[in-house]
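This report describes the overall build of one protein, then its sheet.

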Amino acid sequence: MAKASYKELMNNITTFIFDVDGVLTDGTIMVTTAGEMYRNMNIKDGYALKSAILAGYNICIISGGSNEGVRKRLEGLGITDIYLGAHQKILPFETYCKKKNINPNEVLYMGDDIPDLPVMELAGIAACPQDAAPEVKDLSEYISPIKGGKGCGRDVIEQVMRVQGKWMTQFEAKYD
């Protein structure tokens, strides 16, 4: 039996789960002399995350990082399920799926490095940015042509929403 294409698998997605560093950020951290750490996040990823929420998708963040600025940014987009400081990502993944009654086959998980592999093996679609670790690329059904922090989150959300006929539907009434 032939393996389903990623486009076919995207029909089943109800939930997006993202790592942060290297996916929603470019993986670089700027450290001030006071020890504060800054990350850059792409505004297009933010738009897509908010669009997905408005279209009824579940959005969850599972990150090994613990930057509270990241939490504030994501909460500002309407994301309520944020697991920071999660170095072992399977427990937050399983907790979230159980809490929301989500079948793991309905989840698209986007990660970029070795700590993401165990969760990627459980998700319906494993996805990664173009500059992910080779092991992550090998496991991924979808490799975005876009690097981490440069809009790969937008890319994968838009791909799913287009396949399901939900991309830009919030504008249809406005232009009819």
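How many helices and strands does the secondary structure of the protein come to? It comes to eight helices and eight strands, where helices (H or I, at least four residues) and strands (E, at least two) are DSSP runs numbered from the N terminus. The model is predicted, so local features need pLDDT of at least 70 and side-chain atom pairs count only at pLDDT 80 or more, while totals for chains, interfaces and linings use all residues. Residues are numbered from 1 along each chain as its sequence is written, and side-chain values use heavy atoms, with hydrogens and water left out.

The radius of gyration of the protein, taken over C-alpha atoms, is 16 Å, which agrees with the value near 16 Å for a compact globule of 176 residues; the globule rule is 2.2 Å times the number of residues to the power 0.38. Along the principal axes, the C-alpha atoms fill a box of roughly 50 × 45 × 35 Å. Buried residues (under 20% relative accessible area, 1.4 Å probe, protein chains only) make up 45% of the 176 residues.

An open sheet has six strands in the order 5-4-1-6-7-8, paired in parallel. Two strands pair if DSSP finds at least two bridges between them. Strand 1 pairs with strand 4 in the parallel sense over four bridges, and C60 in strand 4 is the bridge partner of I17.

| Strand | Residues |
|---|---|
| Strand 1 | residues 15-18 |
| Strand 4 | residues 58-62 |

Definitions and conventions:
Buried means under 20% relative accessible area, exposed over 50%, partly exposed in between (1.4 Å probe, protein chains only).
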